[in-house]
Amino acid sequence: MCGIVGYLGDKDAIPILINGLKRLEYRGYDSAGVAIVNSDGLHVVKRKGKVKELKCELEDTVLRGSIGMGHTRWATHGIPSDLNAHPHMDMAGRISIVHNGIIENYDLLKTVLEKDGIIFQSDTDTEVLVQLISKIYSSSKMTVAEAVQEALREVVGTYGIVVVSADEPDTLVVARLGSPLLLGIGEDEYFVASDASPIIEHTRNVVYLDDGEMAIITRKGYKIIRIRENHVIHKVVERIEFNLEEIEKGGFPHFMLKEIHDQTHSITDTFRGRLLLDTCRAHLGGIRDYLDHILNAKQCYITACGTSWHASLIGGYLLEEYARIKTRVEYASEFRYRNAVVDPDTVLIAVSQSGETADTLAAIRKGKEYGALTVGICNVVGSTIARETDCGIYTHAGPEIGVASTKAFTSQVAVFLLLTLQIGREHALKEKEAEKICSAMANISDHVKTVMDMSDEILEVAYAYKDKHNFLYLGRGLNFPVALEGALKLKEISYIHAEGYPAAEMKHGPIALIDENMPVVVLAPRDRTYDKVLSNIQEIKARKGKVISVTDAPTKQLISLSDHIITVPKVHRVVFPILATIPLQLLAYHIAVLRGCNVDQPRNLAKSVTVE
């Protein structure tokens with residue numbers, strides 16, 4: 001969850017750390033802090049609130065140093081406060097740590113340390129770790145790196161940490177288990193971060209740490225070792241491919257709005273080179289060597305969390321209908337603890353924007369234990385899911401900074417369309433139907449632009465409903481997951497309670513909520529579900545509910561029943577969910593902005609959930 005950045009070089013570390021924390025703030029923004037080591041010792045400055053609060057505090061100091069680390073927090077143990085903010089120091093004020101993750105046995109460790117006379121200042125599990133490191137360091141002749149390594153052998157849980165010490169002022173110690181960290185290699189300088197966004201303006205050369213690894217970084221170079229086995233690892237230096245401009249707002253008032261508009265190209269970027277129009281097929285190079293295994297699988301599980309789970313539901317519909325593969329879609333957080341029937345004849349597809357989602361990673365590891373073929377669908381090159389799965393497919397959505405996922409969702413659906421096309425043509429998908437699907441996929445960019453041009457129209461709808469307290473979203477078939485996703489977007493960024501339901505299930509409970517104060521967003525494409533959806537709308541209107549219809553066929557009957565109509569271009573039914581999602585993203589965005597909400601950093605949320 002939290003964002004970590006570190007620096008060792010010959011420049012002033014504070015501007016580098018602050019700029020890095022700004023880029024990482026989407027990972028958490030309850031509090032922020034930095035630790036600097038200089039000739040005067042170890043200095044920690046931290047504040048509750050966003051990075052700008054920390055920056056103001058540092059502007060009033062003369063603190064300087066060429067080695068340091070920073071942290072922006074998403075609270076787990078302990079409320080957001082100055083005391084609970086990172087970095088944390090040991091009782092002697094000689095060692096400091098920043099941490100992303102959860103130390104599960106912190107209570108036991110804390111009890112032992114308190115018996116040794118250690119007094120704790122915060123409510124966090126992280127302080128327990130730095131006090132443990134300090135105890136080991138002070139009672140032995142170990143280096144700080146050796147003390148960190150020894151402490152981590154006693155820890156149960158997950159962590160991405162950076163440690164500095166006043167006693168070793170030219171050393172950064174970095175370790176990872178379950179929380180991402182990478183090392184940036186510049187000219188006589190080194191960077192550490194939770195992801196590439198703080199590093200790219202300084203260097204494109206990076207080394208990705210894997211679980212169970214730690215790096216000792218000095219001015220002379222770096223060394224990577226296994227925490228448990230203590231042997232040195234030689235890792236390939238990789239190159240960051242995306243550009244700095246991709247993580248800037250580009251003239252938009254918010255990252256979320258920029259990323260909604262990015263969908264005019266992010267979807268086609270995902271299709272590019274993979275959609276074969278001449279043969280009405282798809283080619284996904286990342287699964288090429290495992291295609292026979294996938295084609296012969298007896299069953300498929302798709303596992304994900306949040307928005308990615310909604311995209312996976314659409315993927316499940318597509319694979320069963322067109323590829324005729326028995327498919328189940330599971331929340332990763334549930335799958336990892338369930339005694340699911342998984343064996344070597346199973347394909348497990350794991351979907352994650354970041355490629356670092358803790359529950360999804362755990363589901364992958366469970367699948368591998370039972371011999372399943374694991375396939376990753378993610379957006380971040382070099383991410384843990386990309387490295388741990390047997391094969392995979394990148395979405396090519398580009399960096400997504402807004403906490404509420406937008407372009408990642410539609411790109412994930414685009415990948416499932418490609419996967420369905422590739423597998424389906426080997427199974428049940430006939431050429432004539434494949435041709436229609438391919439044509440719809442090929443023309444999607446123009447249709448997305450048409451929907452983007454409706455933003456002002458959707459803004460008027462937002463004005464009408466911005467003060468409502470509840471929303472209901474309804475869809476059938478492929479569009480039920482779109483209803484779920486639309487409701488999630490609204491509740492995430494506007495704090496309006498919203499629920500998505502299969503339209504037919506409205507009569508099994510939710511209809512009790514409908515009155516003149518209940519807006520209901522209905523997905524009404526002109527497909528085989530259309531007449532049934534019209535019946536649902538009539539039931540809503542009979543109870544004075546307000547209907548916002550999203551359709552590709554505004555018939556007279558639908559217009560007469562709807563308070564508002566949002567019309568998207570007419571496309572094949574499998575592409576409609578992508579087009580219908582975008583107005584729902586814009587509706588949520590406009591409502592949230594009108595309510596004065598911070599759409600890029602909604603309360604209590606963080607972009608990447610790297611703790612359970």
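User: Hi! What volume does the largest cavity have?
Analyst: Hello! This is a predicted model, and in it the largest cavity has a volume of about 80 Å³.

User: Which residues line the largest cavity?
Analyst: The lining is made up of Ile294, Ala297, Cys300, Leu319, Ile325, Val347, Ile349, Val375, Leu419 and Ile423. Two elements give two or more residues to that lining: β20 (346–352) and α13 (407–424).

User: What classes of residue are in the lining of the second largest cavity?
Analyst: By class, the lining of the second largest cavity has 8 polar, 3 nonpolar and 2 charged residues.

User: OK, on to pockets. What is the volume of the largest pocket?
Analyst: The largest pocket has a volume of about 770 Å³. Its lining takes in 39 residues, and Phe242, Asn379, Val380, Val381 and Pro399 lie nearest its centre.

User: Which elements supply at least two residues of that pocket lining?
Analyst: Those are β15 (238–239) and α7 (263–271). By class, the lining of the largest pocket has 16 nonpolar, 13 charged and 10 polar residues.

User: New topic: how many aromatic pairs are there?
Analyst: The count comes to 6 aromatic pairs. One of them joins tyrosine 190 and tyrosine 222, with ring centres 6.0 Å apart.

User: Why is that pair edge-to-face?
Analyst: The ring planes of tyrosine 190 and tyrosine 222 are at 70°, so the pair is edge-to-face, because planes over 60 degrees apart count that way.

User: Where in the chain do tyrosine 190 and tyrosine 222 sit?
Analyst: Tyrosine 190 is in strand β10 (residues 190–193) and tyrosine 222 is in strand β13 (residues 221–226). They are 32 residues apart, and the pair links distant parts of the chain.

User: Is tyrosine 190 buried or exposed?
Analyst: Tyrosine 190 counts as buried, because its relative accessibility is 11% and the cut-off for buried is under 20%. Tyrosine 222, at 31% relative accessibility, counts as partly exposed.

User: What about tyrosine 465 and phenylalanine 471, how far apart are their ring centres?
Analyst: Their ring centres are 6.2 Å apart, and with the planes at 75° the pair is edge-to-face. Tyrosine 465 is buried at 5% relative accessibility, and phenylalanine 471 is buried with a relative accessible area of 2%.

User: Which residues form one aromatic cluster with Phe471?
Analyst: Tyr465 and Tyr473 form one aromatic cluster with Phe471.

User: Last one: what lies over the face of phenylalanine 120?
Analyst: That is lysine 110, at 5.1 Å from the ring centre of phenylalanine 120. Elsewhere, the charged end of lysine 366 sits over the ring of phenylalanine 335, 5.2 Å from the centre of that ring.

Definitions and conventions
Residues are numbered from 1 along each chain as its sequence is written. This is a predicted model: local features need pLDDT of at least 70, side-chain atom pairs count only at pLDDT 80 or more; totals for chains, interfaces and linings use all residues. Side-chain values use heavy atoms; hydrogens and water are left out. On a 1 Å grid over the protein atoms alone, a cavity is a set of points where a 1.4 Å probe fits but cannot get out, and a pocket is an open set with protein on both sides within 12 Å along at least five of seven lines; lining residues have an atom within 4 Å of a point. Grid points are joined across faces, edges and corners, and a volume is the space filled by probe spheres set on the points. Helices (H or I, at least four residues) and strands (E, at least two) are DSSP runs, numbered from the N terminus. Ala, Val, Leu, Ile, Met, Phe, Trp, Tyr, Cys and Pro count as nonpolar, Asp, Glu, Lys and Arg as charged, and the others, Gly among them, as polar. Rings of Phe, Tyr and Trp (its six-membered ring) pair if their centres lie within 6.5 Å; planes under 30 degrees apart count as stacked, over 60 as edge-to-face and the rest as tilted. Buried means under 20% relative accessible area, exposed over 50%, partly exposed in between (1.4 Å probe, protein chains only). A charge sits over a ring if NZ of Lys or CZ of Arg is within 6 Å of the ring centre and within 35 degrees of the ring normal.
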